[in-house]
Amino acid sequence: MDDPEATADPYLRVHAVNIYVSDQERSLRFYQEALGFRVAFDARVGAGHRLVAVAPPDGTAVLTLIQPEPDSPQRRLIGRATQVVFVTEDVPATYREWRKRGVRFHSTPRLRRVVYEQAGATPFPPATVPATVNRLPTVWGGVFTRFEDVDRNSFALVSFDEVSRAVEAERRAAMDKLEADRRAAHELEIAMQVQARLFPQRMPAMRALEYAGACVQSRRVGGDYYDFLDLGQERLGLVIGDIAGKGMPAALLMANLQANLRSQCAIAVEQPERLLQSVNRLFYENTADNAYATFFYSEFDDRTSRLRYGNCGHLPGLVLRNDGCVDHLAATAPVLGLFTDWECPTSERRLCPGDLLAIYTDGITEAFNDDGDEFGEERLIAALQVHRGLAPTAMVAAVFDEVRRFSPEEQRDDITLIVARCRSG
């Protein structure tokens, strides 16, 4: 069997070509000022020897400028015709620009045709092309010249038609991708800032209830939503939603749902069913046909400790009683956004001192471990029971830690949790 390491495509490219010069500092100025190269590295190595290298603007390779000792054999390599070829998109333009900067050229740029032998693809100079090859199509036609540095090291400067087009296409593609990436990153940063402001910015004070919530998105923006609403008359709204989908599209729908809910919540205290019908209608009218959200709406009355809720296709809310029993707050209506003829009956529960309410999204219960097991409702209940003595903020963080330990790989979905505990006395 072949070794996969041996058959892998390794990272490999030309890094440096040695150019022998009589004065590194003088040559460095030439390559920077006349040719527009940049310094790739400039350091002292060994017994204080200076190691200098320059690179053309694209940085694909570097020229190491080596200054040999006066009596060394390498001294004879200064001023030779190198085999280094520079490719540019426009030889005449580069020729004119470099000549203005004092670069010496052997000749003005001239057109040259290179023909390839069909079988072996071997290039022949025009003067030596065999007669049998003359009838083959020309593969490349280009412009050539040669120039020298300050030590008369000479280099070829060329632009081949196909190469020039490929260089230009690659350059434009790289610039377009860079600009697109920059723009996308900027837009994503703005989206993150906007969405962060959509989550609760204040916590209405309740005498009989302490509560907290948090959302950890699997991407930088997402479709999970939670909120705490001051409904007036000493009532607090605790809501959580899960938009179908992920990333930016889900985040936009999440913002739409939040706007719909907050714009309508004035009618919540007296008519919660009407509120939910209005939210569903607006979500249906303002989104695509296949857009929907699961949604859990609840309101806590601080005077009576009663919890009224409507569960729109969401996972059951959990009430962990102080005596160890668990009450499931099951769905009372279908999901939001798919139906116009839609109703959402509400139900009520009384919270006693020490009782704990938890509402959450499926990113918690559907987190998988390496064996393919789900975190599940039972583990969530167990985690809440273990940590129920903590303050709500710490309890949320502890449950998230349990989920991460169970599913340490990359997070697949947004995870959101609200916990609220009825105070004693």
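Cys312 is buried, with a relative accessible area of 0%. Cys352 counts as partly exposed, at 36% relative accessibility. Both belong to a predicted model.

A disulfide is a covalent bond between the sulfur atoms of two cysteines. Here the sulfur atoms would have to lie within 2.5 Å.

| Cysteine | Closest cysteine sulfur | Distance between sulfurs |
|---|---|---|
| Cys312 | Cys344 | 3.8 Å |
| Cys352 | Cys422 | 7.2 Å |

Next, a pair of helices. Helix α6 covers residues 247-264, and helix α7 covers residues 272-285. They pack at an angle of about 145 degrees, and their axes are 9 Å apart. Their crossing is right-handed. Which residues meet? From α6 come Leu253, Asn256, Leu257, Asn260, Leu261 and Gln264. From α7 come Leu275, Ser278, Val279, Leu282 and Phe283. Of the residues in this contact, 7 are nonpolar, 4 are polar and none is charged.

Last, a pair of strands. Strand β2 (residues 38-45) and strand β3 (residues 49-55) run antiparallel, joined by 7 bridges. Asp42 stands opposite Val52 in β3. The hairpin of β2 and β3 has 3 residues between the strands. In this hairpin, Gly46 takes a positive phi near 55 degrees.

Methods. Residues numbered from 1 in each chain as written. Predicted model: local features only at pLDDT ≥ 70, side-chain atom pairs only at ≥ 80, totals over all residues. Heavy atoms only, no water. Buried < 20%, exposed > 50% of the residue type's maximum accessible area, 1.4 Å probe, protein only. Axes fitted to C-alpha atoms, helices over the stretch in contact; angles between N-to-C directions. Helix = DSSP H or I, 4+ residues; strand = E, 2+ residues; numbered from the N terminus. Left-handed = near helix turned anticlockwise from the far one by under 90°. Contact = heavy atoms within 4.5 Å. Nonpolar A, V, L, I, M, F, W, Y, C, P; charged D, E, K, R; others polar. Pairing = 2+ DSSP bridges.
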